[in-house]
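Dear colleague,

I am passing on the structure we spoke about, with the sequence alongside.

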Amino acid sequence: MGRPSFVLKSVENLGLSYMKGTEQYQSKLEAELRKLKFSYRESLEDEYEPRRKDHISHFILRLAYCQSEDLRRWFIQQEMDLLRFRFSILPKDKIQSFLKDSHLQFEAISDEEKTVREQDIIASSSTFGGAQLDPESVYKIPFAEALDLFRGRKVYLENGFAYVPHKDIVAIILNEFRTKLSKALALTARSLPAVQSDERLQPLLNHLSHSYTGQDYSTQGNAGKISLDQIDSLSTKSFPPCMRQLHKALRENHHLRHGGRMQYGLFLKGIGLTLEQALQFWKQEFIRGNMDPDKFDKGYSYNIRHSYGKEGKRTDYTPYSCMKIILTNTPGQGDYHGCPFRHSDPELLRQKLQAYKIPPAGISQILDLVKGTHYQVACQKFFEMTHNVDDCGFSLSHPNQFFFESQRILSGGKDIKKDSVQPETPQPRPSVQRSKDSSSTLDSLSSALDMDLEELEELLQ
């Protein structure tokens with residue numbers, strides 16, 4: 001079974017639900033890959049056919065995911081997580097062969113060299129808590145190959161070489177992999193015109209990419225389902241922290257910079273604000289900040305109409321995903337956009353969580369996740385704590401998903417746990433039982449993707 005059989009989506013879901021690299025994450029991912037019959041261990045003679053299909057499907061997915069910046073970013077991230085897992089379970093005697101096959105000239109130093117530099121290596125690496133290096137392998141690599149570790153002061157340098165323990169070498173491998181895959185996707189994108197001219201291929205590739213990344217939370221059938229006077233109430237009940245802070249800043253300052261207007265405006269569009277409502281909403285707020293109505297009409301209304309696909313190229317823009325918010329357009333001083341878990345100072349984040357009535361134990365749990373760079377998992381934990389659920393039953397990947405899942409729970413739809421933090425606006429406890437497991441949906445989608453893979457293999461042969 002090739003890679004399109006829901007493998008990358010499973011990698012994403014588990015990465016959003018568990019801390020990557022932990023024993024629980026590793027065991028869950030291994031179990032899921034076994035369930036999907038994905039050949040994830042080192043190459044064996046009897047695995048030739050599964051490996052062949054994996055290679056074919058990887059290049060098919062390159063075609064599907066080179067079509068936009070968001071798709072490329074998603075694909076690279078999942079492939080990197082999959083590679084990290086596969087490298088972590090690679091037997092020690094296979095590592096040097098893997099490095100050689102990958103054209104990475106990293107040679108393990110001798111035991112004698114390791115003994116001489118052991119204390120310096122341990123002191124410089126963040127992966128050792130005073131432990132000894134044995135039986136850890138250490139690789140001597142050119143300084144230029146370890147710049148990320150050097151920037152973080154996580155590696156020992158001597159005479160133009162970095163001495164990198166096995167636990168840290170994966171960071172360099174992943175960086176090299178990211179660079180090469182990014183360039184490969186850019187080259188693949190140049191071939192898109194030829195692919196798009198084939199009416200047999202393009203629909204299948206579109207189906208693959210859309211099936212993996214899930215909903216884009218465009219307005220669809222939601223337009224007009226909320227009124228302007230509901231927004232303040234909804235912001236405290238069902239907005240994710242990123243949108244909640246934007247709404248609060250807008251109400252207090254009667255203005256947001258461009259990055260904030262785009263992030264928040266598209267979110268509001270996705271939850272149901274029509275173009276007419278959006279123009280009214282932003283104009284009323286900016287006028288409260290003593291802006292002349294004519295200035296708003298001339299300077300801001302065009303951008304709002306543009307985001308709804310009514311100006312310029314008539315592109316109907318969709319709300320930003322968590323990954324896009326985390327990885328692009330880092331907020332500066334005076335900005336309020338971005339992800340609070342990614343871009344906030346830890347102490348400021350603690351204060352925000354306290355204001356949101358998160359208990360001390362919950363705050364510590366969330367801050368630990370943030371420290372480990374598990375920003376979406378931290379937001380998902382925030383969701384569970386503010387909605388009285390032990391397990392929200394989904395992997396959070398989009399602010400609009402947060403909103404719609406919140407509304408579903410508040411209208412009845414999940415089991416409730418006791419002694420948990422309530423939303424700031426008191427709500428009746430939902431009494432509807434947890435919705436059925438989504439495995440049947442995933443299985444049907446997996447089957448559909450398998451069919452797509454078979455069709456594409458036939459077309460490309």
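Predicted model: local features only at pLDDT ≥ 70, side-chain atom pairs only at ≥ 80, totals over all residues.

The UniProt entry, which is unreviewed, lists C242, C322, C339 and C379 under "binding site". Although these positions are spread over 138 residues of sequence, they cluster in space, with a largest C-alpha distance of 9.9 Å. The lining of the second largest cavity includes C242, C322, C339 and C379.

C322 sits in helix α17, which covers residues 322–327, and because its relative accessibility is 12%, under the 20% cut-off, C322 counts as buried. Leaving aside residues up to four places away in sequence, C322 touches Q376, S397, H398 and P399. C379, for its part, belongs to helix α21, made up of residues 375–386, and with a relative accessibility of 9% C379 likewise counts as buried. With the same exclusion of residues up to four places away in sequence, the contacts of C379 are P241, F341, L396 and F402.

Turning to helix α3, residues 48–65, this element has 18 residues and reaches 25 Å from its first C-alpha to its last, which is close to the 26 Å expected at 1.5 Å a residue. Within α3, the buried residues are R51, D54, S57, H58, I60, L61, R62, L63, A64 and Y65.

With best wishes

Technical notes:
Residues numbered from 1 in each chain as written. Heavy atoms only, no water. Helix = DSSP H or I, 4+ residues; strand = E, 2+ residues; numbered from the N terminus. Expected span 1.5 Å × (residues − 1). Buried < 20%, exposed > 50% of the residue type's maximum accessible area, 1.4 Å probe, protein only. UniProt positions renumbered as here; feature names shortened; annotations may be inferred. 1 Å grid on protein atoms, 1.4 Å probe; cavity = no way out; pocket = protein on both sides within 12 Å on 5 of 7 lines; lining within 4 Å. Contact = heavy atoms within 4.5 Å.
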